[in-house]
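Happy to have you here.

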Amino acid sequence: MCEKWVAWMKACVFGGSMYILVNGSPTEEISIHRGLKQGDSLAPYLFFLVTEGFSGLTRNAVDLNLFEGFVMGGNGLEVSHLQYADDTLCIRKDSVENLWMMKALLRGFEMVSGLKINLFKSSLIGVNIPGDFMTIACNFLNCSQGSLPFKYLGLLVGSNPKSLST
């Protein structure tokens with residue numbers, strides 16, 4: 001990796017100073033030693049750079065037959081995950097092996113990126129999956145059990161598209 005580029009990133013993330021307005025008057029200068037400032041235009045790009053790592057880990061696991069996605073249609077298209085900004089949808093077949101790999105991928109991503117998966121906002125949704133397997137899977141991944149239909153990016157997934165309410 002280019003040393004100059006790394007130095008620029010370090011300067012953006014680990015440097016800077018700011019003032020806080022208290023009753024309209026600025027405080028003394030505060031040195032910032034780490035982290036991006038709120039509203040920093042670099043933040044989304046760095047976030048996408050990091051989340052692309054999860055996508056790469058997942059694709060690699062699929063290529064190595066360690067993680068089995070869901071095959072769609074007659075052309076054999078295998079979908080293992082969908083990502084948009086900070087919303088990730090992992091799609092897999094129901095198997096104990098996939099549960100272990102899912103946990104390993106999520107934990108590996110946390111360790112490498114320094115980010116934390118919000119399991120409080122995460123859920124597992126099964127389609128034609130036995131209830132006892134879903135209970136075990138949710139306990140194993142430490143997340144809640146969701147149900148169809150659910151919203152993803154503001155769209156209702158798993159509902160009848162012909163229904164008036166949809």
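What follows is a set of questions and answers on a predicted model.

Q: Are R59 and E52 buried, exposed or in between, and what makes them so?
A: Partly exposed is the range between the buried limit of 20% and the exposed limit of 50%. R59 has a relative accessibility of 40% and E52 has 41%, so each one counts as partly exposed.

Q: What makes R107, E110 and K116 one network?
A: Take the two bridges one at a time. The side chains of E110 and R107 meet at 3.2 Å, N to O, and the closest N and O atoms of K116 and E110 are 3.7 Å apart. Both distances are within the 4 Å limit, so both pairs are salt bridges. Salt bridges that share partners join R107, E110 and K116 into one network.

Q: How are E110 and R107 placed relative to each other in helix α3?
A: They are 3 residues apart in α3, which runs over residues 96–113, so about one helical turn separates them.

Q: Why do E110, R107 and K116 carry three labels for accessibility?
A: The limits are under 20% for buried and over 50% for exposed, with partly exposed in between. E110 has 11%, so it is buried. R107 has 47%, so it is partly exposed. K116 has 68%, so it is exposed.

Q: What makes W5, W8, L49, V50 and L115 a nonpolar patch?
A: Such a patch is built from residues with over 30% relative accessible area and no salt bridge, with nonpolar side chains joined within 5 Å. W5 shows how the area cut-off works: its relative accessible area is 36%, so it clears the 30% limit. Together the five residues W5, W8, L49, V50 and L115 have about 480 Å² of accessible area. Helices α1 (3–14) and α2 (43–63) each supply at least two residues of the patch, and W5 itself is in α1.

Q: How do you know which residues F70 is in contact with?
A: Contact means heavy atoms within 4.5 Å. Leaving aside neighbours within four places in sequence, F70 is in contact with L77, E78, V79 and I91. F70 sits in strand β5, residues 70–72. F70 and I91 are 21 residues apart in sequence, while their C-alpha atoms are 6.2 Å apart.

Q: Why are N23 and N65 called exposed?
A: Exposed means over 50% relative accessible area. N23 has 80% and N65 has 71%, so both are above the limit. N23 is in the loop between β2 (21–22) and β3 (25–26), and N65 is in the loop between α2 and β5. Each has a positive phi although it is not a glycine: about 55° for N23 and near 60° for N65.

Q: What is the peptide bond from L148 to P149 called, and which angle goes with it?
A: The bond is cis, with omega near -10°. P149 is found in the loop between β10 (144–145) and β11 (150–152).

Q: How does the radius of gyration of the protein compare with that of a compact globule?
A: A compact globule of 166 residues would have a value near 15 Å, but the protein has 21 Å. Its C-alpha atoms fill a box of roughly 60 × 45 × 30 Å along the principal axes.

Terms used
Residues are numbered from 1 along each chain as its sequence is written. This is a predicted model: local features need pLDDT of at least 70, side-chain atom pairs count only at pLDDT 80 or more; totals for chains, interfaces and linings use all residues. Side-chain values use heavy atoms; hydrogens and water are left out. Patches are made of residues with over 30% relative accessible area and no salt bridge: like charges are joined within 9 Å, nonpolar side chains (Val, Leu, Ile, Met, Phe, Trp, Tyr) within 5 Å. Accessible areas come from the Shrake-Rupley method with a 1.4 Å probe; for residues, only the protein chains shown count as cover. Helices (H or I, at least four residues) and strands (E, at least two) are DSSP runs, numbered from the N terminus. Buried means under 20% relative accessible area, exposed over 50%, partly exposed in between (1.4 Å probe, protein chains only). The radius of gyration is taken over C-alpha atoms; the globule rule is 2.2 Å times the number of residues to the power 0.38.
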